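Visitor: I'm new here. Could you show me the structure and explain the words you use for it?
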Amino acid sequence: MEEILFKIIQALHPIWRAIGINPTQLFHILSLKLLLEKRTPKPLFYGEKASKVSPYSHWLVALVQLVLGSMLVLVFTLHVDLFTSVSIFLLLFMSILGTSLVQDFTGILLDSKDYSIINPCPIPDNVILWARILYMFIKLFSQALFLSIPCISYFIYQFPWQDCGLLLLVLPVAAVTVLFLVILLYVVALRFLSVARFKKLLGTFQLLISALIFALYMFGSHFIAWEFIAELNLKEPHFMWLLPSLWLASIFQVTSEASDVAYLFILGLGFPILLMYLSRGYLAQGFGSKVAEVAGSVVKKANRPSAVGAQFRLSALVCSTKVERAVFILVGRMMARSQALKQQFYPNLVIVPIYFIYIFLTTGVEGYTMAEIAAHVLAKGSYLFPLYMLLLAFITLLKNISLAQDYKASWVFYAAPISSMGEIQAGVIKSIVLRLYLPILLLLGGALVAILGVQLVNDVLLAGALSIILMIVKVYYSPAYIPFSQPAEVLHESFFKNITHLIVIICVGRAHSAIKDNESLVWICALVAMAASFIGLHLLAKKQFNKH
């Protein structure tokens with residue numbers, strides 16, 4: 001598929017020349033990026049050995065996208081007119097593609113692996129930018145195709161061929177519009193913001209997107225009034241001027257009722273052309289150097305003397321050897337500075353407070369008092385789920401703690417006279433638990449105790465101790481990768497291993513839920529689990545690992 005699209009792009013060389021882009025340079029950069037992409041292990045459904053490619057990874061991704069596209073087709077069952085149905089479908093279709101661009105394809109736009117090859121060549125910034133735009137389009141096309149196949153099939157079965165032809169015209173324009181909207185936002189941000197502020201803004205934006213997606217998934221079916229959507233009238237002018245999806249869907253209104261909204265469809269076709277012109281012109285200046293700055297910069301954060309002293313005192317209190325103390329301090333500082341690690345960890349963490357709110361808003365029926373809702377939550381044991389969902393976020397953090405862009409700086413670990421690699425792993429666990437896990441657990445547990453009562457103290461202690469034990473087991477039976485010592489393309493856990501982690505956490509949570517009503521047993525299990533976590537840390541520090 002990628003080769004076919006590349007051939008199509010090459011066939012359009014008169015268009016590239018007409019808009020002021022050197023097609024020879026453009027095609028060379030595109031072919032270089034496709035070649036580098038073939039030689040780079042893909043992160044999805046990969047095992048720990050990067051050389052072993054899962055032959056089913058692309059099919060699994062395609063299957064997920066087909067299922068998601070089939071769910072979008074349900075919009076056409078709302079018994080509304082075709083214009084409204086297509087408008088809602090295009091809005092959801094463009095939202096999914098935009099979210100994927102922000103979450104998954106940002107690295108393509110800001111990738112600097114090929115910059116050392118391109119930089120010495122006399123290539124203008126607009127060619128560099130357009131090469132990345134077209135490369136993102138090639139990667140986005142397959143996703144858009146699988147998302148739209150169920151809708152196209154439904155139209156072929158349900159509607160006349162004229163409507164099918166209009167849909168085939170509208171869908172590519174919608175995908176291109178989303179692509180240029182996201183790229184324009186990034187290019188504008190790179191143009192007018194410093195690199196440090198851009199990184200912070202990008203991390204915050206991705207975090208908000210993740211929170212919004214999960215919140216819509218959790219609350220949508222409970223709070224969206226489908227009767228309101230079925231009665232929604234999108235033909236009002238103040239609606240039609242808001243979203244590009246309505247502009248594109250207006251072609252169905254024109255053909256069905258011959259109304260005077262043809263200018264809206266012309267606006268929908270012209271909008272991506274306008275975005276294309278803005279992206280290739282003034283805003284493209286200096287794009288290549290900005291990308292290099294984003295990839296190579298580090299957001300510096302000065303440590304206050306009091307904070308540094310507190311770190312050393314805490315490490316001396318909880319760590320038994322100098323190696324553990326050094327790793328404890330290093331991991332804490334790197335976690336505070338690594339923007340990539342934050343972008344991987346915070347989206348998983350934000351799920352916990354959303355689910356915490358969800359269990360209280362969806363428990364009981366309308367008119368229940370807070371005391372009745374709390375009684376239902378206690379009886380069902382649903383308050384335990386946020387505690388173990390927190391563990392899932394930290395399991396992911398432990399998996400990614402060894403990855404870093406500046407992984408070559410880890411030579412100091414290999415040169416240091418370290419007698420036991422277990423000391424490094426113990427320092428990592430202690431730093432993550434004391435700096436991140438316990439403060440978040442105290443906040444979450446304190447909120448549960450404040451709402452549901454002090455009888456939950458033992459449950460919070462048991463969930464916390466069991467979570468620490470599972471973290472230790474995860475590290476104990478995993479390859480001993482030194483923290484921040486591996487490039488992001490090398491270390492990837494298999495899909496089935498991730499599923500195994502999830503199943504184990506669910507089983508532990510269910511076992512905890514089974515004994516929650518026996519307060520004495522919960523207290524005994526909590527004390528035993530806390531003792532076991534201390535013993536586990538001691539055994540981990542003594543274990544011999546091979547350096548990876």
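This is a predicted model: local features need pLDDT of at least 70, side-chain atom pairs count only at pLDDT 80 or more; totals for chains, interfaces and linings use all residues.

Visitor: Why is the pair of tryptophan 130 and phenylalanine 180 called tilted?
Guide: Rings of Phe, Tyr and Trp (its six-membered ring) pair if their centres lie within 6.5 Å; planes under 30 degrees apart are stacked, over 60 edge-to-face, the rest tilted. Here the centres are 5.7 Å apart and the planes are at 55°, so tilted it is.

Visitor: How do you know whether tryptophan 130 is buried or exposed?
Guide: Buried means under 20% relative accessible area, exposed over 50%, partly exposed in between (1.4 Å probe, protein chains only). Tryptophan 130 has 2%, so it counts as buried. Phenylalanine 180, with 4%, is buried too.

Visitor: What makes tyrosine 355 and tyrosine 358 an aromatic pair?
Guide: Their rings are 5.6 Å centre to centre, and with 35° between the planes this pair is tilted. Both tyrosine 355 and tyrosine 358 are buried.

Visitor: Which residues touch the most other members of the largest nonpolar core?
Guide: Leu26, Leu90 and Phe93 do, out of 70 residues. Such a core is a set of buried Ala, Val, Leu, Ile, Met, Phe, Trp, Tyr and Cys residues joined through side-chain atoms within 4.5 Å. A second, separate core of 56 residues includes Phe345 and Met421.

Notes
Residues are numbered from 1 along each chain as its sequence is written. Side-chain values use heavy atoms; hydrogens and water are left out.
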